[in-house]
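Thanks for making the time this morning.

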Amino acid sequence: IDEGKNVVHAGWAPGNYYVKQLNDKDWIGVGLFSRFGMISEFERDSAVASNAFFSRLNGASLTPTYARKFDNKWSAAVGAEVNYVGLELQKNVFYNSVPTQTKGESWALGWNAAANYAFDSKNEIGLVYRSKVTHTMDADFRGYSSGITGSDHFTKAHGKVTLPDSWAIGYNHKFDDRTRVELNGTYTKWSTYDALNITFDDKFLGQSGSYSQKNWSNGWRYALGVEHKLSDKYTIMGGYAYDESVIPFDGADFIVPTGARRTYSLGFQYHDKKQTLAMTLGFIDIDGLSIKGHMGDTYDTARSHDNYAKVVGISYQRNF
């Protein structure tokens, strides 16, 4: 049994938005946030390094949106999405002896739409759709010098990945003016991530590219949140979320070595007529994942375990 540890990284997911009310029925707004993103790193001389020892996806979405309130019950919104991703993958090849790096950027377009229905002053339901986004990336590939290659090898690499579309439905209930609860379910069509295939302009160690079947399945995320006003200025919050595992044994890797996830969070708000300041602390309990070795990996099977993440969220809202 060969065991190793991952390297702990801080990940940042900033988000900003601006909304302007045009009249009693119309609003325009724009958001800038990270819709997709991840980072993972493992010991570079471990067995898993033949699969991936460093992986990072930086993502940002710019979403200009128009919203309209039709009457006291119905409202809806539609918007565009400009999605950016920056990808970096590092792993060892040729029996775990030659380090490689693939690094590139891509821009793509998507869209989103939402509808909301208020049953009465205490109950409302909302539906949000975010489209899939297809990225075609031209990247830089580098094979580092070793006793096998003799010198660094540089070539262009090319790949195509479709990031998934999703449906989210939420129900909000106000018990009174102080306490409310929200239920949410998000269905993400991760089956669009069927493969991670990268081709090279110039062969490296006799290989024309890197090919890996993923075949992820679609999955649900369920969430429950509660808010309670302690006073006119202070509110406490609590939440729980469960994410299903969508990664199959024969399509798993050490780029995203996570199973099902349970998130527990607590937070507070300070608010007055002009501003709202919120802080949330969260803990993510992450199930292990069994991973099948493929051609080029130096293991037959592997499993991640004892995984968790800590989350700190800070937000500030200003009304002009």
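Let me begin with a polar contact of 2.9 Å, which joins the side chains of Asn83 and Ser61; the term stands for a pair of N or O atoms within 3.5 Å, where within protein one must be able to donate a hydrogen and the other to accept it, and residues adjacent in sequence count only if both atoms are side-chain atoms. Before going on, please note that this is a predicted model, in which local features need pLDDT of at least 70 and side-chain atom pairs count only at pLDDT 80 or more, while totals for chains, interfaces and linings use all residues. Residues are numbered from 1 along each chain as its sequence is written, and side-chain values use heavy atoms, with hydrogens and water left out.

Asn83 lies in strand E5, residues 74-93 (strands are DSSP runs of at least two residues, numbered from the N terminus). Is Asn83 buried or exposed? With a relative accessible area of 1%, Asn83 is buried, a label that means under 20%, whereas exposed means over 50% and partly exposed in between, for a 1.4 Å probe and protein chains only. Leaving aside neighbours within four places in sequence, the residues in contact with Asn83 include Phe36, Val133 and His135, contact meaning heavy atoms within 4.5 Å.

E8 pairs with strand E9, residues 153-163, in the antiparallel sense over 11 bridges, pairing requiring at least two DSSP bridges.

Conventions:
Helices (H or I, at least four residues) and strands (E, at least two) are DSSP runs, numbered from the N terminus.
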